[in-house]
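Biologist: Can we go through this one together? I would like to start with the sheet and then move on to the side chains.

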Amino acid sequence: MNPESPAESQLTWTTPTSALYAVSAGAVVLAGAAVLSNDNAGRLLIGLAAAGLAALAVLGFRQRPRVSILPGPSPRLVVRTLTGPTEYTRGQITRARLVGYRRLGRKTPMLEIDVRAADGAERLLIFGRWDLGTHPEDVFDALVAHGLATR
């Protein structure tokens, strides 16, 4: 991504559709396995796993696109949640940074954005590769290029 040309950069990030379809297919397979299981305890556990995967898929499809930038003279960051999209202006974004968390023995990059909501409440938004569909550094570079964050 070229920070000098924000008009050419990507402005929307979301979980890949193919990943959500794979999670949905896994939920269907597990639901079928739960129905065919002869063991009641196994049926319960497999059914719970199927329900969890189905909920993850519904959540992923509902929150599309996860993060967007609305460019212009006063650019805004749009974050979509279960309740719908929320817009944040540059004045509402307190800090954006890349942080590496240790997960499963590896350091995983995450994008942290501190925001102040319209009601005055402070929120910490954390996005990983699953949420964004790309490396969090690419989204951070786009935020910097559009003036929503500083290095």
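Biologist: What is the strand order in the open sheet, and what is the pairing?

Modeller: The open sheet has four strands in the order β1-β2-β3-β4, with antiparallel pairing. Strands pair here if DSSP finds at least two bridges between them. Helices (H or I, at least four residues) and strands (E, at least two) are DSSP runs, numbered from the N terminus.

Biologist: Which strands stand at the edges?

Modeller: β1 (12–13) and β4 (84–89) do, and each has a single partner strand, so one side of each is left without a neighbour in the sheet.

Biologist: Before going on, what sort of model is this?

Modeller: This is a predicted model: local features need pLDDT of at least 70, side-chain atom pairs count only at pLDDT 80 or more, and totals for chains, interfaces and linings use all residues. Residues are numbered from 1 along each chain as its sequence is written, and side-chain values use heavy atoms, with hydrogens and water left out.

Biologist: Back to the sheet. How many bridges are there between β2 and β3?

Modeller: Four bridges, in the antiparallel sense, between β2 (residues 67–70) and β3 (residues 76–81). Within that pairing, S68 stands opposite V78 in β3.

Biologist: Next topic. How many salt bridges are there?

Modeller: The count comes to five salt bridges, taking a salt bridge as a side-chain nitrogen of Lys or Arg within 4 Å of a carboxyl oxygen of Asp or Glu. One of them joins the side chains of R66 and D131, at 3.9 Å, N to O. R66 lies in the loop between α2 (40–62) and β2, and D131 is in helix α3 (residues 129–132), so the pair ties together parts that are 65 residues apart in sequence.

Biologist: Are R66 and D131 buried or exposed?

Modeller: Both R66 and D131 are buried. Buried means under 20% relative accessible area, exposed over 50%, and partly exposed in between (1.4 Å probe, protein chains only).

Biologist: What about E87 and R76?

Modeller: Their side chains meet in a salt bridge at 2.7 Å, N to O. The pair links E87 in strand β4 with R76 in strand β3, eleven residues apart. E87 is partly exposed because its relative accessible area is 42%, and R76 counts as partly exposed at 27%.

Biologist: And which residue does D141 meet in a salt bridge?

Modeller: R151, at 2.3 Å, N to O. D141 lies in helix α4 and R151 in the segment after α4, so the pair ties together parts ten residues apart in sequence. D141 counts as buried at 12% relative accessibility, whereas R151 counts as exposed at 68%.

Biologist: What else is R151 in contact with?

Modeller: Leaving aside neighbours within four places in sequence, R151 is in contact (heavy atoms within 4.5 Å) with F140, D141 and V144. The C-alpha atoms of R151 and W13, 138 residues apart along the chain, are separated by 20 Å.

Biologist: Last one, α2. What should its span be, and what is the distance between its end C-alpha atoms?

Modeller: The 23 residues of α2 should span 33 Å, and its end C-alpha atoms are 32 Å apart, which agrees. The expected span is 1.5 Å times one less than the number of residues.

Biologist: Which residues of α2 are buried, and what do they pack against?

Modeller: The buried residues are G42, A50, A57 and G60, and the buried residues of α2 pack against α1 (17–36).
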